[in-house]
Amino acid sequence: MSSGFPQLLFVQGGGAGTHDEWDDKLVESLRRELGPNFEIRYPRMPAEDDPAYAAWKATLEKEFATLNDDAILVGHSIGGTILVNALAQSRSERKFGAIFLIAAPFVGEGGWPSDEMNPPPDLGAQLPRDVPVFIFHGLDDATAPPSHADLYARAIPQALVRRLPDRDHQLNDDLSEIAATIKLLKRGS
């Protein structure tokens with residue numbers, strides 16, 4: 001049931017224990033920074049230790065159907081990769097407020113190989129129209145190289161890219177820059 005507050009869907013990354021031991025700290029950072037007037041949804045993705053695109057995409061499509069228009073979508077790591085590819089392939093009736101990719105590995109030419117995901121060369125054109133896209137990547141990310149932010153910038157030319165110095169794959173468990181951007185978006189809408 002919706003609270004009437006702006007909604008945010010946070011899509012976790014992959015790996016054993018990620019939902020409860022890693023990305024929960026990112027969600028907590030967002031809750032702390034955004035305050036009580038946001039409804040943050042943090043669903044558990046299936047088989048987090050071995051993320052399968054089809055299973056995660058199906059879960060995301062079910063989640064999209066429960067959101068209000070203007071919901072903010074945030075994906076971390078492979079969760080961001082799956083999120084942006086699922087959005088490019090699905091035709092949700094929702095009008096989302098923004099898409100945030102945090103330390104998302106790029107799949108495709110120059111990035112990580114995948115047998116499951118084949119992003120279109122015009123990924124940005126396949127995303128929902130008039131929805132701002134933000135890419136945040138730590139420059140000390142040892143998991144998804146910071147160069148992946150550049151690959152996304154080419155594939156999604158409308159995206160705003162923020163490279164954060166001295167921040168790791170988890171952005172040091174600090175999503176204050178993302179929260180500040182969300183607050184600005186909500187203030188402007």
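Which residue in β3 does L8 stand opposite? I began with this pairing, in what is a predicted model, and found that L8 stands opposite I72.

**Entry 1: the chain as a whole**

I looked up the overall make-up and noted 6 helices and 6 strands, which follow one another from the N terminus in the order β-α-β-α-β-α-β-α-β-α-β-α. For the extent of the fold I took the C-alpha trace, which spans about 40 × 35 × 30 Å along its principal axes. I then checked the radius of gyration, and the 15 Å of the chain agrees with the value near 16 Å that a compact globule of 189 residues would have. I read off that 50% of the 189 residues count as buried, and that the accessible surface comes to about 8,700 Å², with 51% of it belonging to carbon and sulfur atoms. On contact range, I noted that 79% of the contacts between residues at least 6 apart in sequence join residues at least 24 apart.

**Entry 2: strand β3 and its partners**

I went back to β3, residues 72-76, and found 5 of its 5 residues buried. I then traced the pairing: β1 (residues 7-11) is joined to β3 by 4 bridges and the two run parallel, while β4 (residues 98-102) pairs with β3 in the parallel sense over 5 bridges. Within the pairing with β4, I found I99 as the bridge partner of L73. I also followed the path from β3 through helix α3 (residues 78-89) to β4, which makes a right-handed β-α-β unit.

**Entry 3: H76 in β3**

How buried is H76, and what does H76 touch? I placed H76 in strand β3 and read a relative accessible area of 1%, so this residue counts as buried, the cut-off being under 20%. Leaving out residues up to four places away in sequence, I listed its contacts as F10, V11, Q12, G13, D23, L26, I102, A103, H169 and Q170.

**Entry 4: the nonpolar cores**

I looked up the largest nonpolar core, which has 35 residues, and found that L60, F64, L73, Y152 and I156 touch the most other members. I noted that β1, α2 (53-66), α3, β4, β5 (133-138) and α5 (147-155) each supply at least two residues of this core, and that α3 gives the most, with 7 residues. I then opened up F64, whose contacts, not counting residues up to four places away in sequence, are L9, L73, L83, L87, S90, S92, R94 and F96. I recorded a second, separate core of 23 residues as well, and among its members are F10, L26, L34 and F38.

**Entry 5: P43 in a loop**

Is P43 buried or exposed? I located P43 in the loop between β2 (39-41) and α2, and its relative accessible area of 14% is under the 20% cut-off, so P43 is buried. Leaving aside neighbours within four places in sequence, I found P43 in contact with L9, F10, Q12, H19 and E63. For E63 I also took the C-alpha separation from P43, and got 8.3 Å for two residues that are 20 residues apart along the chain.

Key. Residues numbered from 1 in each chain as written. Predicted model: local features only at pLDDT ≥ 70, side-chain atom pairs only at ≥ 80, totals over all residues. Heavy atoms only, no water. Buried < 20%, exposed > 50% of the residue type's maximum accessible area, 1.4 Å probe, protein only. Pairing = 2+ DSSP bridges. Right-handed = clockwise from strand over helix to strand, strands pointing away. Core = buried A, V, L, I, M, F, W, Y, C linked by side-chain atoms within 4.5 Å. Contact = heavy atoms within 4.5 Å. Rg over C-alpha atoms; globule rule 2.2 N^0.38 Å. Areas by Shrake-Rupley, 256 points an atom, 1.4 Å probe, with all protein chains shown as cover.
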